[in-house]
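This briefing concerns a single protein chain, shown below as sequence and model. The points that follow are grouped by topic.

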Amino acid sequence: AGPKVMARGQTCDRVIVWPSDLPVGSYRLHLSDASPGTEETPLIVAPPRAFDGDFDRCWLLAVQLYSIRSARNWGIGDFTDLEGLLELASQLGAEGVGLNPLHALFDDRPGDCSPYSPNSRLFLNPLYIDVEKLPEFQPSAFAESSDTIVRLRQSDIVDYAAVAELKWRGLRSAFEAFKTNSSTERRASFSKFRNERGAMLSRFACFEVLRHKFNRPWWEWPAEWQQPDDARSAALHAGPDSAEIEFVKFV
């Protein structure tokens with residue numbers, strides 16, 4: 001909001017010599033020539049060096065979580081790997097770990113794996129879950145997949161389709177075990193989680209079920225489902241899709 005700074009001039013060459021005393025700041029540059037047209041563009045005068053910051057210098061480890069390799073994951077870096085990396089960073093004297101976005105992607109399109117094109121920015125990508133850490137996970141059910149897991153772990157690139165197939169199968173197996181044989185503590189923890197996340201979690205679970213049901217972008221869904229509605233959400237929770245809604249919440 002300071003005083004306006006004006007400068008005017010002309011040139012017969014392709015070079016424009018700027019006034020040497022322009023204060024640091026942003027300007028609008030107007031250019032015109034012999035033709036009737038004119039052009040306008042921003043002009044920024046910057047200081048010789050940037051602000052160093054009023055803080056002590058520090059360093060971080062920057063990683064893509066999906067690319068972390070370990071002797072125990074399923075071919076994609078997961079939250080257990082991240083925990084180990086945080087401990088390593090602390091031991092090395094780093095101030096933190098910088099990560100790629102961890103947002104939820106599309107479970108039915110594992111090939112669309114860009115973390116910058118998420119399904120939702122409100123929830124996390126389930127492929128980062130360490131399935132083996134779930135209390136309901138049953139290793140015996142995946143004994144026949146041990147060779148596949150080793151192959152995925154040793155692969156030079158992340159095989160998203162194969163990793164997703166295994167992990168979603170593991171998550172569904174854990175959910176079935178949770179429904180039939182979970183501890184009182186686990187059920188209480190799940191209930192607390194649902195209450196804390198409230199309508200946001202319920203709406204996302206309904207959205208996922210409807211997305212699979214209609215198999216189209218949400219703006220092509222029937223009009224009654226294009227806006228969140230608590231009454232319709234409650235009906236969906238009480239209908240034949242209730243188990244699938246609970247699965248999304250469990251994940």
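This is a predicted model: local features need pLDDT of at least 70, side-chain atom pairs count only at pLDDT 80 or more; totals for chains, interfaces and linings use all residues.

**Surroundings of Phe137**

- Apart from residues up to four places away in sequence, Phe137 touches Trp74, Val131, Glu132, Phe142 and Ala174.
- The C-alpha atoms of Phe137 and Ala177 are separated by 7.7 Å, although these residues are 40 positions apart along the chain.

**Overall architecture**

- The protein chain contains 6 helices and 6 strands.
- Read from the N terminus, the order of these elements is β-β-β-α-β-β-β-α-α-α-α-α.
- The radius of gyration is 27 Å, well over the 18 Å that the globule rule gives for 251 residues, so the chain is more spread out than a compact globule.
- Along the principal axes, the C-alpha atoms fill a box of roughly 80 × 55 × 35 Å.
- Buried residues make up 32% of the 251 residues in the chain.
- The chain exposes about 17,100 Å², of which carbon and sulfur atoms supply 54%.
- Among contacts with a separation of 6 or more, 59% are between residues 24 or more positions apart.

**Nonpolar cores**

- The largest nonpolar core comprises 33 residues, and Trp74 and Leu171 are the members with the most contacts inside it.
- Helix H1 (79-92), helix H2 (146-154), helix H3 (160-181) and helix H6 (242-250) each supply at least two residues of this core.
- H3 gives the most to this core, contributing 10 residues.
- Which residues does Leu171 contact, leaving aside its neighbours within four places in sequence? They are Pro126, Ile129, Val131, Leu134, Phe247, Phe250 and Val251.
- A second, separate core has 13 residues, including Ala104, Phe123, Cys206 and Trp221.
- Val131 is a contact of Leu171, and Val131 is also touched by Phe137.

**Salt bridges**

- The structure holds 19 salt bridges.
- Asp81 and Arg72 form a salt bridge in which the closest N and O atoms are 2.6 Å apart.
- In this pair, Asp81 counts as buried at 10% relative accessibility, whereas Arg72 counts as partly exposed at 27%.
- Arg72 and Asp81 also belong to a network of salt bridges that links them with Asp78 and Asp130.
- The side chains of Glu83 and Lys133 meet in a salt bridge with an N to O distance of 3.6 Å.
- This pair links distant parts of the chain, 50 residues apart: Glu83 is in helix H1, and Lys133 is in the loop between strand S6 (120-124) and H2.
- Glu83 counts as partly exposed at 40% relative accessibility, while Lys133 is exposed, with a relative accessible area of 54%.
- Asp108 forms a salt bridge with Arg211, and their closest N and O atoms are 2.9 Å apart.
- Asp108 lies in the loop between strand S5 (103-104) and S6, and Arg211 lies in helix H4 (residues 184-214), so the pair ties together parts that are 103 residues apart in sequence.

**Surface patch**

- Ile16, Trp18 and Leu31 form a nonpolar patch on the surface, and together they have about 270 Å² of accessible area.

Technical notes:
Residues are numbered from 1 along each chain as its sequence is written. Side-chain values use heavy atoms; hydrogens and water are left out. Patches are made of residues with over 30% relative accessible area and no salt bridge: like charges are joined within 9 Å, nonpolar side chains (Val, Leu, Ile, Met, Phe, Trp, Tyr) within 5 Å. Accessible areas come from the Shrake-Rupley method with a 1.4 Å probe; for residues, only the protein chains shown count as cover. A salt bridge is a side-chain nitrogen of Lys or Arg within 4 Å of a carboxyl oxygen of Asp or Glu. Helices (H or I, at least four residues) and strands (E, at least two) are DSSP runs, numbered from the N terminus. The radius of gyration is taken over C-alpha atoms; the globule rule is 2.2 Å times the number of residues to the power 0.38. Buried means under 20% relative accessible area, exposed over 50%, partly exposed in between (1.4 Å probe, protein chains only). Contact means heavy atoms within 4.5 Å. A nonpolar core is a set of buried Ala, Val, Leu, Ile, Met, Phe, Trp, Tyr and Cys residues joined through side-chain atoms within 4.5 Å.
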